[in-house]
Amino acid sequence: MKDIFFKVIGHRLFWPLVMLVVLIAINVINVPGFLSITVNAEGNLFGSLIDILRNGAPTLIIAVGMTLVIATRGIDLSVGSLCAIAGAMACSIILTSPDPNNVGTVAVAVLVALALALVLGLWNGMLVSVLGIQPIIATLILMTAGRGIAMLITEGQILTVQSTPFKFLGSGFIYGVPFATVVAAVVLALVALLTRRTALGMLIESVGINPEASRQAGVRARGLLFLVYGLCALLAAVAGIILTSNQTAADANNTGLFIELDAILAVVLGGTSLNGGRYSLTGTLVGALVIQTLITTVYTVGIPPIATMVFKAAVVVAVTLLQSPTTNAALERWRSRPKPTKTSSRPSEPVVAR
Amino acid sequence: MKKTVGLFAAAALVMALSACSGGATPAASGGAGGAANKPLDKIVVGFAQVGAESGWRTANTKDIQDSFKEAGIQLKFSDAQQKQENQISAIRSYIQQGVDYIAFSPVVQTGWDAVLNEAKAAKIPVILTDRAVDSKDTSLYATFLGSDFVLEGKKAGEWVANEYKSASAPVNIVQLEGTTGSAPAIDRAKGFADAIASNSNLKVVASQTGDFTRAGGKQVMEAFLKSQPKIDLVFAQNDDMGLGAIEAITAAGKVPGKDIKIVTVDAVHDGMQALADGKINFIVECSPLLGKQLIDIVKKLNAGEAVEKRIVTDETTFTQDQAKTALPTRKY
């Protein structure tokens, strides 16, 4: 019985899930109707939980791509800038077209934006895999330069678009469910299928755990790196278009600002190590939900804006501390304390990276 | 729009405005330059702009360039791309070229003493536009021309107080603040709070930062709509957050401008459009059109006249009807 208890506590998703439940409980105490989901006049789901799922969608989409990049022992700092570039590209195409409300126009705009992001993602992949630049530096280039590119596209302006099909991407509903949430769910499912139902996920992990050993075993790291950075950039562009559509304007300075940090945080909260290797998409989902619930909690509970950052930091510190191997090792010691005779004979369980 | 003002101002909470608050004392530096009383077409003014970071700033640049062209005064223009070092080197080059006046919108509040002293030594009067510097030595510049954020908040608050002057029940107000710690956010909140303090029915029940962005305003408003049982009015500290709030209110099945009234600051084009459409109820202008007043200052200094140390931009307010009239001829 006790063993099961410790097994549950020791699971890498235990503490993030506890935090999620605690945050939701705090909200319910403050706003009794927090969990209620109603159907509004237009037949769409309406409620705080729906807001969390919708507003958290861009972070989740980026975090999925980031998970794979981090699994290869890399990191992609340029996703925020890619959001801005994709949004700027889509908006400027829609604005220059004669008919912004044409579905075809919007489709072209979105596809061009995605293609541009993919090219930039492959550029990241080339810097990392072919030139061997450290990922944090390689993607820092595009992180800095990317906002400049977005500014060039928007000519320094905030581009406002009045386009019904474009607006649908960020704030629309499909069968009552927010479209952004549907996109995030599809992305998560597709990436999970692609990496877990094939050997791809294992190959990515092997590159992250030991690039040299993987190479000698015949894994082509170069192609895999191109793939993950390209995919990460593509997903960043998807998120960028959702963000831009949600605010009906391309803002080169602010779209996706600091979202790379939220995405990395979501991945880390989900138990994927920044040292690469084993990754968990379910963990990333939980991480992204924790982050968005945290943001919503700040607004709902009415934490003063000045204290917001401290509150967020406290929650993150709490989760990471509880999750850390050191804490688990301490729990382990506590667990074996009542049976001092046995501990001496049993080799201590290795605390592997979690 | 004023976001970058805020971002940079946040770095230096020591308000530069306090240094200029003794606005009544006339500047002694008027006509200090050796170039006094030149014919207008011989005057050269160097202007070091912040950059082109927002629609507001672009309108500001265009207005200044147009005004100088119209007045027939030669303008040397540089864009610092939001970097202080670019701006300092632009000002140095103006000093070397021996322009008659230098005008600039400081990227940040601090670190200007050295270059301003160089200008002073060269007897070139400096005019600050839109943003202040926190130099203790106010003789380093002739005047500061820009908006009074406290006044903007106050105007918004006064409209609210007037709108609900006969209200007997409590009026629940939610506030969407600008970037935490920025000068416009602090000052607009202060002016607004002061103006509604007289009526005890007016209560700010919730206040959160929306970072001066549409997405921020929308997300905060969505949460407010669920956590606050009754909201009568939104005070958004800029148009963008107000526009975000409109979307959140619409999604919640309420009518913005009717079920929940909205008051904002800025009067950029999209905001004015929403005002004319009846989705916003009142906008306090924060005008980027400084060109005409800047020309006046240059002319006065040229004639050897004294100018005030602090000049507030000519700004107005807009109701829905005024917005409909003003919209077709609006420059930004």
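Reply: Start with the polar contact: a pair of N or O atoms within 3.5 Å. Within protein, one atom must be able to donate a hydrogen and the other to accept it. Residues adjacent in sequence count only if both atoms are side-chain atoms.

This is a predicted model, where local features need pLDDT of at least 70, side-chain atom pairs count only at pLDDT 80 or more, and totals for chains, interfaces and linings use all residues. Residues are numbered from 1 along each chain as its sequence is written, chains are lettered from A and ligands numbered from 1 in the order in which they are written, and side-chain values use heavy atoms, leaving out hydrogens and water.

Now the interface itself. Chain A brings 32 residues to the contact (heavy atoms within 4.5 Å). Chain B brings 28 residues.

Next, the area. Interface size is often given as the accessible area lost when the parts come together. Here the two chains bury about 2,300 Å² between them. That buried area is what two parts lose on being put together, with a 1.4 Å probe, summed over both. Carbon and sulfur atoms carry 47% of it. On the chain B side, Gln208(B), Gln219(B) and Lys226(B) lose the most area to chain A. Together they make up 25% of what that side buries.

Then the atom pairs. Between chain B and chain A there are 11 residue pairs in polar contact, both residues at pLDDT 80 or more. The interface also holds 2 salt bridges. A salt bridge puts a side-chain nitrogen of Lys or Arg within 4 Å of a carboxyl oxygen of Asp or Glu. Lys226(B) makes one with Asp51(A), at 2.3 Å from N to O.

Which elements of chain B touch chain A, with at least two residues each? They are helix H3 (55-71), strand S7 (202-209), helix H8 (214-227) and helix H9 (239-251). Helices (H or I, at least four residues) and strands (E, at least two) are DSSP runs, numbered from the N terminus. H8(B) gives the most, with 10 residues.

Last, the make-up. The side of chain B that touches chain A has 11 polar, 10 charged and 7 nonpolar residues. Asp, Glu, Lys and Arg count as charged. Ala, Val, Leu, Ile, Met, Phe, Trp, Tyr, Cys and Pro count as nonpolar, and the others, Gly among them, as polar.
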